[in-house]
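Please take a moment with the sequence and the model before reading on. The paragraphs below then lead you through a few places in it.

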Amino acid sequence: MIILPGIGSAIGVSIGSNATIGALKKRPDAFGNYMLLSALSGTHGLFGFAAFFIFYSKTVFTPDITPFAATAVFGAGLIFVVATYAAIRQGQICANGIAEIASGNDVFGKTMILAVFPELYSILAFAAAFLISNKI
């Protein structure tokens, strides 16, 4: 739940940050927009981290974990593979928006709207993990 979304977030943020470095050469005045778009992919790792704490409190302090609970935790962690992929793709969407802003196009708001679509799948992964945790 932590490792894969964290890797995906790091890759996604790096993709957006690399685009920002290139865009700063053309339009340094739009750094605020670039920064917001670059950081957007970092939220996927936060969802994985939050889900980890939900399961940590329910499983670590339990002296005898059942096979059902162990399978549920593994399944919930497996759901976050979606968050990993979504973070990387979101970074690519943001990088394209950053490049267009640097080219002089006013697409910040539209890029934010389009970049939120992959975020939905990480939110759904977190919601599914939360529902699974309630059954343990």
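The model is a predicted one, in which local features need pLDDT of at least 70 and side-chain atom pairs count only at pLDDT 80 or more, while totals for chains, interfaces and linings use all residues. Residues are numbered from 1 along each chain as its sequence is written, and side-chain values use heavy atoms, with hydrogens and water left out.

Begin with His44, which is found in helix H3 (residues 43-59); helices here are DSSP runs of H or I with at least four residues, numbered from the N terminus. With a relative accessible area of 0%, His44 is buried, a word that means under 20% relative accessible area, using a 1.4 Å probe and protein chains only. Leaving aside residues up to four places away in sequence, His44 touches several others, among them Pro5, Ala83, Gln90 and Ser122, where contact means heavy atoms within 4.5 Å.

Ala102, which lies in helix H5 (residues 81-102), is also buried, with a relative accessible area of 7%. Although Ala102 and Lys26 are 76 residues apart along the chain, their C-alpha atoms are separated by 5.8 Å.

Finally, helix H4 (residues 67-79) and helix H6 (residues 108-134) pack at an angle of about 175°, with their axes 9 Å apart; the axes are lines fitted to C-alpha atoms over the stretch in contact, and angles run from 0 to 180 degrees between N-to-C directions. H4 and H6 are therefore roughly antiparallel to each other, as angles over 145 degrees count as roughly antiparallel. The contact is made by Ala72, Ala76 and Ile79 of H4 together with Ala125, Ala128, Ala129 and Ile132 of H6.

Conventions
Helices (H or I, at least four residues) and strands (E, at least two) are DSSP runs, numbered from the N terminus. Buried means under 20% relative accessible area, exposed over 50%, partly exposed in between (1.4 Å probe, protein chains only). Angles under 35 degrees count as roughly parallel, over 145 as roughly antiparallel, 65 to 115 as roughly perpendicular and the rest as oblique.
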